[in-house]
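I opened this notebook to record, in the order I looked them up, a few things about one protein chain. The entries go from the whole chain to a sheet, and then to a pair of helices.

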Amino acid sequence: MYVKDVAHVSYGPALRRGALDKGGAEAVGGVVVVRYGYNPLAAIKNVKKEIEQVSPGLPSKMLADGTVSKVAIVPFYDRTGLIYETLGTLETAITEEILITILVVVVMVMHLRSSVLISGLLPLAVLICFIAMKTFRVDANIVALSGIAIAIGTMVDMGIIICENILNHLDECGPEDNRLEAVYRAASEVGSAILTAVSTTVVSFLPVFTMTGAEGKLFKPLAWTKTFCLIASIIVALTIIPPAAHVLFTRGSSLKKAGRKILGVVLLGCGVATWILFAWWAALIVIAIGAYHLFHEQLPAKTIGWGPKAANIAALIFVGIILTEHWIPLGVDKGVARNLVFVFVLIGGWLLFFKIFQNHYPAILAWCLRHKLTFLSLPVLIIVLGGLIWSGLGKEFMPPLDEGSFLYMPTTMPHASIGEALDIVTKQDEAFQSIPEVELVVGKIGRAETALDPAPVSMIETVINYKPEYILDKDGRRVRFKYDSKSKDFVRDSSGNLIPDENGRPYRQWREHIKSPDDIWDEIVKAGQIPGTTGAPKLQPIAARVVMLQSGMRAPMGVKVKGPDLKTIEKFGLELERLLKDVPSVEAEAVIADRVVGTPYIEIDIDRGAIARYGISIQMVQDVIEVAIGGVSITTTVEGRERYPVRVRYLRELRDQIETLGKILVPAMDDAQIPLIQLAKIRYVPGPQMIKSEDTFLTSYVLLDKKPKFAEVDVVEQCQKYLKDKIAAGELVVPPGVSYAFAGSYESQIRAQKTLMVVVPLALFIIFMILYLQFKSVITTFMVFSGIIVAWGGGFLMIWAYAQPWFLDFSVFGVNMRELFQVHTINLSVAIWVGFLALFGIASDDGVVMCTYLEQSFGKLKPTTVKEVHEAVIRAGTRRIRPCLMTTATTILALLPVLTSTGRGSDIMVPMAIPSFGGMTIEILTMLIVPVLYCWIKETKAR
């Protein structure tokens, strides 16, 4: 007798636990898991190489119409674009920072050779930083490169201070003085101050190295790169700039003539190359400078006198136009001319303010010295306001990074079948795909064939990739296309495709009313509203996975309910869901409690008395149930390299209803066949779809999300207080054995805050000790340290201003400045504190430079009367005001491209830049505070 004589043999499906849908059609998907610590970009490239290798061998078939249908592997979530776009945004910001820094140096030094020397420090120091990153294996990610971005302004400060002092000493040299010794004296005079300033900046980032958890992994690369940049800048400033300055600034007549001829010929050649490769206007500037040097001997005396000024102006125009074309702050639709005007007015306005402040500094300082208490009340007021603002700010872990895609994760009812759940996903994906800004939609229900994805069928995960605002190249930079200014439309070829054109305009892919990714999310939420599904918190793939790894929840925040049994924790979770919907800062639609007990189960309760009467054991009944309903594997068939289990099971029509299940026969001891209904009770009962446990307790989650403009920590604190009030009022009763606790990404903020509360004061103390070692006086150290405290208050004032509706609420050429500088409410996050740490390091630099020269000046002059003290302070302050203003100007203006950046990754950079921008703006007062306090001390001694 054969098996076919007693059974029906056929291929059958395994139990389906998940499904994948692509844009409304079923598909087969796979997941690639990167090894821990491996470079994600390298892993993605390796995967793509493997796909190219296996693609030719994928199955294909000829259709009836002659078309060849072939299986293809299509990536639906690829981080490559995100990585290149974030790096592109940061590279763009760094380039623009360097160009602005060059502009500032040229304007304030007005000495082209020294401007070139100082500006050359930046790329050289950045290259040294890259070498250090390679040596210490620091990956070039968004946060690591942000460290370079926020260090640009500080890096050039070292060159400014030492180069400006060299120029002053060379100007004071007589005809017989040794220029080499003058350069050495100048470098030695400010060398210790530079080392002290850099040391305080490096030490200010020690708290970042002590961070643990997600914040430590996130920001330690930034601390490394910023430290590398500062060390590189000090190496270049102290070892390369002095000898280079001696070569460039000293005058040798014979070498000068030969050098001018050679320089003129080289510049003429560069001008021709610039005309061919770059732009005619840039070539004219280079050719004009080359012609000036080549025919210098034949030019009239007046023309020679105007030569250096003309060279400075030409350099300003040249760098300004390059910066404008690279930056385009007002947008490409406003044209180059308007953007050029805006850039020159914006940067020129700041530089004009600094120039006016420099020219009137002696008079301003003299007034402050006469009215010390009145003046000092201003920094005290700033510090007090900063403290008040600090106490009232919202708190969150990190500002969300725009990843270029969303993760839409609603749930269906736990009793929904896989067919019903798949139907819902299909309808949702079709609705999402119809949104013009959406590029690709892939939805998943259930779990994949891996232990890493224990998801129930009721959980939906839909990856929604949306188009970037403008068409980008593979490096994340905007691609320009041919544009007809007359018809105000883009030119297309015969196939309807856009025509690339370097002199054209970027093509915007979003509709007019879509201004940000938040608007796309609103469209997604509207399209995803289908009966039978819950709402979904706003998530992105990477952020969601991080939150899941940290808390186990699929939402940025939620409540973990632990208890003795599933029904109890489900009931209490539903009660929390009802109450949390009423919290004003909580998005009511996103509050979802787990439906723990809701999946239908068939329960077969064996009657022990009945089976005993027939002499049947429990094991025999269970074996029959297993074979009849679930099936049992009896062997494995080998089909080439494939293995298939052979299962024995009742036909579907004999087990698809309770009535038919009751007719299953169980053999008794006397070979009688007893129907199962006589041996057991068969009924439907609700049960868990998925059982979660933590700390040995059964656990369920109540997910929630915050409303816009609210901070995570504040929302959690409001929810905690609300629930405690309800418990105290008796409106919420916690069952015996049940406990609840809030969890989510806010926990990282609390952990980081506790760490910073200990380490930041320690870092400030170390900075204080470094300053003390420089000045050997506690009083003098406190004077310099006051700059850090004032800048701290200025940073919080800027954060407060960003939250005010009137701040920058005006338009230039039709562009609102609030939109340009992304003015919105800023919450106190780890990124903000990193920005303050950067500020603490640079805020004392001007005080160190100013106080060092005051000490040197008073050591030489030794004034004895109050009038002489005033004169000595004003003379010393006037001598050091230009380098101090230049260092402040480079730091402030270098941050402008960061504040206006809108590309991928700007979400992280902008919050770190705001404290430094606001703090350094207020830090200008340090150039008055330090001399005033120093004068006060010296006056007391003189009296």
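Entry 1, the whole chain. I began with the contacts whose partners have a separation of 6 or more, and I noted that residues 24 or more positions apart account for 74% of them in the protein chain. I keep in mind throughout that this is a predicted model. When I turned to burial, I found that buried residues make up 48% of the 943 residues in the chain. For the secondary structure I listed 32 helices and 24 strands, and for the extent of the C-alpha trace I wrote down about 130 × 75 × 50 Å along its principal axes.

Entry 2, a sheet. I next followed five strands that form an open sheet, and I read their order as β2-β1-β6-β7-β5, with antiparallel pairing. Which strands stand at the edges? They are β2 (25-27) and β5 (405-408), and because each has a single partner strand, one side of each is left without a neighbour in the sheet. The twist from one strand to the next averages 25°.

I looked at how β5 is held to strand β7 (residues 460-466), and I found that the two pair in the antiparallel sense over four bridges. Within this pairing I noted F406, which stands opposite I464 in β7.

I then asked which strands helix α16 (residues 418-433) lies across. I found β1 (18-22), β2, β5, β6 (438-446) and β7, and I recorded that the helix runs at about 170° to β6. Helix α17 (residues 517-527) also packs on the sheet, where it touches β5 and β7, and its direction makes about 30° with that of β5.

I noted the crossing of α14 past α29 as right-handed. On the α14 side, the contact is made by Y361, P362, L365, A366 and L369, and on the α29 side by H870, V873, I874, G877, T878 and I881. Sorted by class, this contact of α14 with α29 has eight nonpolar residues, three polar ones and no charged ones.

Methods:
Residues are numbered from 1 along each chain as its sequence is written. This is a predicted model: local features need pLDDT of at least 70, side-chain atom pairs count only at pLDDT 80 or more; totals for chains, interfaces and linings use all residues. Side-chain values use heavy atoms; hydrogens and water are left out. Two strands pair if DSSP finds at least two bridges between them. Axes are lines fitted to C-alpha atoms, for helices over the stretch in contact, and angles run from 0 to 180 degrees between N-to-C directions. Contact means heavy atoms within 4.5 Å. A crossing is left-handed if the near helix is turned anticlockwise from the far one by less than a right angle, and right-handed if clockwise. Ala, Val, Leu, Ile, Met, Phe, Trp, Tyr, Cys and Pro count as nonpolar, Asp, Glu, Lys and Arg as charged, and the others, Gly among them, as polar. Buried means under 20% relative accessible area, exposed over 50%, partly exposed in between (1.4 Å probe, protein chains only).
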